[in-house]
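Take a first look at the fold before reading on.

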Amino acid sequence: MTSRDWSVPEDFLFGPDARVRDTALDLYREVEGLGLVCPHGHVSPRLLADPDARFANPTELLVKDDHYLFRLLYSQGVPLEALGVGQAPGSYDPVRAWEVFCAHFHLFDGTPSGLWLRIELTRLFGVKEKPDADNARRVYDQIQGCLDTPDFTPRALFRRFGIEVLATTDAAEDSTEPHRQAQADGYRVIPTFRPDGLLQMNLPGWKGKLERLEQVTGRSIGSYRELLDALRERRQAFKAAGATATDHGAASPDISPLSEHEAESLFDLALGGRLTPEQARRLEGHALFDQARLSAEADGLVMQLHVGSTRNHNRELFEKYGPDMGADIPHRVNWTGGLRPLLDAFGNHTEGRELHAILFTLDESTYSRELAPLAGHYPGLRLGPPWWFHDSVRGIERYLDAVTETATLHNTAGFNDDTRAFPSIPARHEVWRRTVCHWLAGQVGRGILDQPEASRLARMAARDLAVRAYRLDLN
């Protein structure tokens with residue numbers, strides 16, 4: 001296939017073995033038309049709240065806010081400014097930024113981003129040639145021509161993609177009004193409660209977030225107890241707007257309660273800007289324990305834990321641009337020891353105390369060693385799909401190999417696309433579904449599964465597991 005003959009064949013990702021390939025294709029045909037359940041992502045709800053919203057141009061849509069893309073280009077010496085990163089619309093040339101992107105498009109060969117882009121550019125925008133320096137302007141104009149039509153508004157694409165529900169990720173102090181506006185017009189867009197900015201109390205900007213929470217709730221927050229009460233109120237507001245889950249990105253799974261006196265003493269230090277990193281870690285662990293308690297005993301929201309990433313590792317980029325610049329780097333995690341206090345308290349479902357938690361990691365070594373045995377035992381745990389660097393064909397295959405024999409597919413949460421670039425949603429689901437179907441076909445070929453079993457598991461992985469794990473009412 002040349003750059004002038006760019007497409008996605010019917011047996012895409014199914015491998016050379018004809019018997020396995022045919023079985024995989026049969027399985028995929030059973031699930032490819034299922035609706036998309038998107039329980040975790042980073043699309044702005046404002047895109048779907050406003051019926052007149054439009055995507056401005058290809059660069060704004062596909063490149064400048066997608067750290068999957070610009071982190072790789074940055075590693076190859078492309079300045080972020082050249083891609084429009086960190087620059088407001090109108091302050092940079094989107095055509096020139098697109099040309100820079102296309103001139104380096106070959107860097108995505110063999111990567112998950114390269115696969116997603118190939119699917120969305122060919123299928124959605126009708127691009128027939130692989131982008132490069134020579135055709136960049138032509139590809140830009142073709143995509144722009146699509147974006148200028150009514151068929152490519154966010155709402156039109158929501159319908160076209162077959163999205164059943166789309167969950168956004170929202171700070172505790174954010175408004176849920178955009179979600180309500182979208183819902184009023186028939187688009188099921190729900191918030192996800194993410195209080196990280198208020199629980200990580202030694203980070204820059206924490207006091208400003210606390211003040212914003214005071215404004216939203218009409219409360220004065222001068223103690224940890226008052227912070228917890230304000231967060232409880234916001235959880236209820238999110239749930240009233242359709243939320244079924246919370247989301248927490250923590251450096252460590254060490255989630256342990258402190259005494260009330262110690263928690264208040266550390267919160268006083270936080271207010272004064274005097275928390276040490278170790279004190280901040282312990283206070284965050286206590287705060288996460290309280291959030292788990294609210295999930296288990298009060299509102300029933302599913303608790304997502306993303307652990308194993310050292311956030312904003314590149315200090316220079318963080319100071320210049322802020323967070324989410326593609327510099328979150330994996331580190332080792334001790335799930336078995338870290339989660340024990342939490343599981344002692346909430347891991348066994350008892351009357352009035354029922355935690356539903358979904359675990360994500362960037363430390364692949366823990367899948368078979370710790371996470372699969374934990375999820376294969378505790379009724380309160382499910383395993384999230386391969387996250388970030390591992391949301392790839394081989395990453396998905398490694399995940400399935402590592403967890404299914406011990407935890408079974410039933411103790412996973414299916415798939416979520418974790419997307420930032422809205423058009424990548426169906427592409428990412430397609431890669432997941434194709435990869436799972438090919439993996440299941442291999443199990444059929446070896447006699448581990450029969451065809452009806454594989455068909456049932458394929459549907460579960462494509463849709464039903466996510467519906468169940470995130471406690472979504474889609475029936």
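This is a predicted model: local features need pLDDT of at least 70, side-chain atom pairs count only at pLDDT 80 or more; totals for chains, interfaces and linings use all residues.

Residues are numbered from 1 along each chain as its sequence is written, and side-chain values use heavy atoms, with hydrogens and water left out.

Start with the sheet. Helices (H or I, at least four residues) and strands (E, at least two) are DSSP runs, numbered from the N terminus. Two strands pair if DSSP finds at least two bridges between them. Here three strands make an open sheet, in the order β1-β2-β4, with parallel pairing. The edges belong to β1 (36-38) and β4 (189-190). Each has a single partner strand, so one side of each is left without a neighbour in the sheet. Between β1 and β2 (residues 163-167) there are three bridges. Cys38 has Leu166 in β2 as its bridge partner. Across β1 and β2 lies helix α20 (residues 424-445), at about 105° to β1. Such angles run from 0 to 180 degrees between N-to-C directions, and axes are lines fitted to C-alpha atoms, for helices over the stretch in contact. Contact means heavy atoms within 4.5 Å.

Now turn to the loops. Most residues other than glycine have a negative phi. Asn312 has a positive one, near 55°. Find Asn312 in the loop between β8 (309-310) and α15 (315-321). Thr408 also has a positive phi, of about 70°. Thr408 sits in the loop between α19 (393-407) and α20. Are these residues buried, exposed or partly exposed? Buried means under 20% relative accessible area, exposed over 50%, and partly exposed in between (1.4 Å probe, protein chains only). Asn312 is partly exposed at 24%. Thr408 is partly exposed at 31%.

The axes of α11 (residues 206-217) and α13 (residues 260-271) come within 10 Å and cross at roughly 105°. That makes α11 roughly perpendicular to α13 (under 35 degrees counts as roughly parallel, over 145 as roughly antiparallel, 65 to 115 as roughly perpendicular and the rest as oblique). Trp206, Lys207 and Leu210 of α11 make the contact with Phe267, Ala270 and Leu271 of α13. Five of the contact residues are nonpolar, none is polar and one is charged. Nonpolar covers Ala, Val, Leu, Ile, Met, Phe, Trp, Tyr, Cys and Pro; charged covers Asp, Glu, Lys and Arg; the others, Gly among them, are polar.

Finally, follow the rings. Rings of Phe, Tyr and Trp (its six-membered ring) pair if their centres lie within 6.5 Å; planes under 30 degrees apart count as stacked, over 60 as edge-to-face and the rest as tilted. The whole structure holds 20 aromatic pairs. Trp6 and Phe105 have ring centres 5.9 Å apart and planes at 80°, so the pair is edge-to-face. Trp6 lies before α1 (18-31), and Phe105 in the loop between α5 (94-103) and α6 (112-124), so the pair ties together parts 99 residues apart in sequence. Trp6 is buried at 7%, and Phe105 is buried at 2%. Trp206 and Phe267 form an edge-to-face pair too, 5.8 Å centre to centre with 80° between the planes. This pair links helix α11 to helix α13, 61 residues apart. Trp206 is buried at 3%, and Phe267 at 0%. Ring pairs also join Trp6, Trp98, Phe101, Phe105, Phe108 and Tyr140 into a cluster.
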